[in-house]
Amino acid sequence: MKLFDIRAEYEQICSAPVELGARPVVGITANFGPAGAELAEGYYQSILAAGGVPMVIPPLADKATLLSLLDRIDALVLSGGADVNPLWAGEDPIPALSNINPARDRGELLLTQLVYDRNLPILGICRGIQVLAMAMGGTVIQDIVNAYPEADTLKHSQQAPRHEATHFVETEPGSIVAELLGERFAVNSFHHQAVGETGGKLRVTARSADGIIEAVESTEYKPIWGVQWHPECFILAGDDCMMPLFKEVVRQAYLHRQSRDFHLRKDVLILDSHEDTPMFFDQGVQFEQRDEKVLVDHHKMCEGLLDCGIMAAYIPQGERSADGHRAATEMASRLLGEIRTMAENTEGVALAFTPDDLVRNKREGLRSLMLAIENGYALGDDLANVERFRRMGVVYLTLCHNGDNNICDSAVKTHSEHGGLSDFGKEVIYEMNRTGMMVDLSHAGEQSFYDAISVSDVPPVCSHASSRALCNHPRNLTDEQLSALSGVGGVAQVTFYPGFLCERADDACIHDAVRHLMHMIDVAGIDHVGVGSDFDGDGGVPGLANAADMLNFTKRLIAEGLSTDDLQKVWGGNFLRVMRQAQAAADSFFQEL
């Protein structure tokens, strides 16, 4: 190739095979110096060497620009630089505070929180680990020497060459940094500040001999971590000892891009079959805002790229009297009306009543809500209520909740009074079949479950239930139930309720949700499983804490080896297949509407 021959280089690119699978883009926050935005070479060279595409993010705090950035990067690296203004943490400065960089502070703290909400990978380096801690509710030590007696600390602010290792760190076994770099290694060190408290969303994973925090990572099983040293300086000097850190950033960025691209496909519907958000309507929920009172709102649906949530009008089991039944029916009608009003008053959200509605809404850029009733107690003893609620748009009815009702015996708080499905319950299922309402067997006792399978002409579903083989709770499905359900074409939706995932509920996390789903696939088959979070009905575990975390589940399932077709079935395809069957079987009823 001739020197300075751009044409030859261009032709070389054009003659090579097209690169399939674009490299992930890693945003790197820039420092701010005399000439404006600047970035040390080691940062972007490290991302390049790890297989990513570096994108330098200048210091900025414009909200619209920051939000737009989130759709253009697949990971974030928070770079080093000047001190953070302690006023952002509600503290006054001490004399040992060095130069601050106010041009960076506001924008980086905002960007970090927004990136966290969307589950992008984050790596904080030096100042970056401190920004990460502050954004996650932690604190920063303004000056190590002032915070601790000098005799008790190492020399962290070194004058050595930046690629020279100057002290050791020890890591927590099993942490990200330990798996990538080992449990004891040497790092470079030129900082006078450090993380003080990590807050609840981060945990300490490495310390120096004097106890200074040297690394942190997410407590929520998210790809978020930070280091106090400068790994990019080693790489720029030709030492690859820190390259695993950057390779992991790029690997996680690629996984994020894969998951995001899947969720955004127009031929895919990401559906959560059971959400109890209406339980919080009496607390003044603002669905159009990011409302911390609930786990599902429009912001979180957008962050998690969730296309549809089926909102259940939950009716607690009460007295089986005329007054009790009347109150339950009225409560269900009121909640269904409130869901409808909420959808109509939220820009970017629309109600859906059929799978075709969901497809159309996604193509138009809308998130969808569907209607359901949890607990057939809402019917009372009036069979006409089935058609009444179906005409209101209810797509499924959960036959019972905790406690027996007139329809069937429950899995818990049961007296087994019917011995399974009652005669009235059989009539309810016939009417549900006639009107195109799906039969939901979550909460049903085992005999009720088997009776309903034999009675229904349309495959039943379990909108939110997990595996009893992995967690011995009567609300979960045995392997025999899973096999029976798949045998008639039904679907079981794994739920994120801690007590159904792990017998020690406090220990439940995203790993358990994945474990349950994979077991359910092994038993029932990939065509008979899905996701029903039970968010706002006490569902939610670390890593899957709210609707914004749904991308995390996709990432885990990709890592488990599920194909795109598999993911499409799990994320709504199977459930919507049964919904289509139920509605198609009621074609004559729909023609009357």
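**Entry 1: around threonine 171**

I began with threonine 171, which I found in strand 8, the run of residues 167–171. I kept in mind that I was reading a predicted model.

Leaving aside neighbours within four places in sequence, I listed the contacts of threonine 171 as Val177, Ala178, Gly182, Glu183, Phe185, Thr205 and Ala206.

**Entry 2: aromatic pairs**

I counted 7 aromatic pairs in the model. In one of them, the ring centres of phenylalanine 185 and tryptophan 229 are 5.6 Å apart and the planes stand at 70°, so I noted the pair as edge-to-face, the term for planes over 60 degrees apart. Phenylalanine 185 belongs to strand 9 (residues 184–187), while tryptophan 229 lies in the loop between strand 13 (224–227) and helix 8 (231–236), so this pair ties together parts that are 44 residues apart in sequence. I checked both partners for burial: phenylalanine 185 is buried at a relative accessible area of 11%, and tryptophan 229 counts as buried at 1%.

I then turned to phenylalanine 449 and tyrosine 450, whose ring centres are 5.2 Å apart with planes at 90°, so this pair is edge-to-face. Here phenylalanine 449 is buried, with a relative accessible area of 0%, whereas tyrosine 450 is partly exposed at 29%.

**Entry 3: charges over rings**

I looked for charged side chains over rings and found arginine 184 over the face of phenylalanine 168, at 4.0 Å from the ring centre. I also found the charged end of lysine 222 over the ring of tyrosine 116, 4.1 Å from its centre.

**Entry 4: the nonpolar cores**

Which residues touch the most other members of the largest nonpolar core? I found that they are Leu399 and Phe553, in a core of 82 residues. Helix 18 (residues 510–524) gives the most to this core, with 8 residues. A second, separate core has 30 residues, among them Ile28, Val187, Ala215 and Met242.

I went back to phenylalanine 553 and, not counting residues up to four places away in sequence, noted that it touches several residues, including Val494, Ile510, Leu517 and Trp571. Ring pairs also link Phe553 with Phe496, Phe535 and Trp571 into a cluster.

Key. Residues numbered from 1 in each chain as written. Predicted model: local features only at pLDDT ≥ 70, side-chain atom pairs only at ≥ 80, totals over all residues. Heavy atoms only, no water. Core = buried A, V, L, I, M, F, W, Y, C linked by side-chain atoms within 4.5 Å. Buried < 20%, exposed > 50% of the residue type's maximum accessible area, 1.4 Å probe, protein only. Helix = DSSP H or I, 4+ residues; strand = E, 2+ residues; numbered from the N terminus. Contact = heavy atoms within 4.5 Å. Phe/Tyr/Trp six-rings, centres within 6.5 Å; stacked < 30°, edge-to-face > 60°. Lys NZ or Arg CZ within 6 Å of the ring centre and 35° of its normal.
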